[in-house]
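This report covers surface features, pockets and charge pairing in one protein model. The sequence and structure come first.

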Amino acid sequence: MQTFMVKGWYLLTHRAFLTILLIINFLGTVYGYYWYKGQLASTEPIFYIFVPDSPTASLFFCLAIIGWLLGTHFKLMEVLALITLVKYGLWAVVMNLLTFVELGSLSPEGWMLVFSHFMMAVQAILYIPKYTFGFGHVVIGAIWTLHNDVIDYVFGQMPVYRVLDQYADKIGYFTFWLSIACIILAYAVVSKRKHLQAR
C-alpha cells in the first residue's frame, strides 16, 4: 500500500502530469467563464469578479500549478484553490443533484457538471501535501470566501439555478456552512503540518 501511495504521489507531482493538469484546468476555466456569459451580461461591473465562482476557483489552482512548475509556491493561490475548489466543487454537485430531484431528470450537461465539479474538489484534496500556505494565508482565504458569500446571497449574485430559486435562503445557509467547513479544512492542513514539523 505504501509503495502504491509513493508511486501515486510521484505521478501526481511529475512535471509532465502537472502540465497536463494545468492544461485541463485552464480549458475548464475558460469554459467556465463562457458558461457564465449570460449572467455576466446582466451583472453590474462591480460584481464581475465575484460571479463566476467555479472558474475563478480553477484559475486559482492553475496559478498554484504554475508556481509548482516554476519551482516555487504561490501560497495565497494554494489556499484559495483548496478552499474554493472544494467549496464550489461540492456546491455544484449538490445543486445539480437537487435539480435532478426537482425535475426528475438532468441533462447530459448537468451530469457533466456533476462529474467535473466533483473532480475539482478531488484534485484539491489530492494535492494537500503539496501546499505550503500558512495561517495568515488561511485568514485571507477565509475573508475572500465569506465576502463572496455575502456578495452572492445579500447582493443576489449567486449562480443562476432557476428551478431552485424557491430554496435561495436555504441554499445560502448551506453555502455559508460549506464555506466554514472548507476554511476549517485549510486551517487543519496548516495545523497538521506545523505539528509534524514540531515533532
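Which residues form a nonpolar patch on the surface? The patch consists of L59, L63, I66, L70 and F74, and together they have about 400 Å² of accessible area.

## Basis of the values

The model is predicted: local features need pLDDT of at least 70, side-chain atom pairs count only at pLDDT 80 or more, and totals for chains, interfaces and linings use all residues. Residues are numbered from 1 along each chain as its sequence is written, and side-chain values use heavy atoms, with hydrogens and water left out.

## Nonpolar patch

Patches are built from residues with over 30% relative accessible area and no salt bridge; nonpolar side chains (Val, Leu, Ile, Met, Phe, Trp, Tyr) are joined within 5 Å and like charges within 9 Å. Accessible areas come from the Shrake-Rupley method with a 1.4 Å probe, and for residues only the protein chains shown count as cover.

I66 is partly exposed, with a relative accessible area of 32% (buried means under 20%, exposed over 50%, partly exposed in between; 1.4 Å probe, protein chains only).

## Pockets

A pocket is an open set of points on a 1 Å grid over the protein atoms alone, where a 1.4 Å probe fits, with protein on both sides within 12 Å along at least five of seven lines; lining residues have an atom within 4 Å of a point. A volume is the space filled by probe spheres set on the points, which are joined across faces, edges and corners.

The largest pocket has a volume of about 640 Å³. Its lining has 31 residues, with N25, G28, S116, H117 and M120 nearest the centre. By class, 20 are nonpolar, ten polar and one charged (nonpolar: Ala, Val, Leu, Ile, Met, Phe, Trp, Tyr, Cys, Pro; charged: Asp, Glu, Lys, Arg; polar: the others, Gly among them). Helices α2 (15–35), α4 (53–69), α5 (75–103) and α6 (108–126) each supply at least two lining residues.

The second largest pocket, at about 370 Å³, is lined by 16 residues, with W9, I125, L126, I128 and P129 nearest its centre. This lining has 13 nonpolar, one polar and two charged residues; α1 (2–13), α6 and α8 (168–198) each supply at least two.

## Salt bridge

A search of the whole structure finds one salt bridge (a side-chain nitrogen of Lys or Arg within 4 Å of a carboxyl oxygen of Asp or Glu). K87 pairs with D149, the closest N and O atoms being 2.4 Å apart. The pair links distant parts of the chain, with K87 in helix α5 and D149 in helix α7 (residues 135–153), 62 residues apart.

K87 is buried, with a relative accessible area of 0%. D149 is buried too, at 7%.

Conventions. Helix = DSSP H or I, 4+ residues; strand = E, 2+ residues; numbered from the N terminus.
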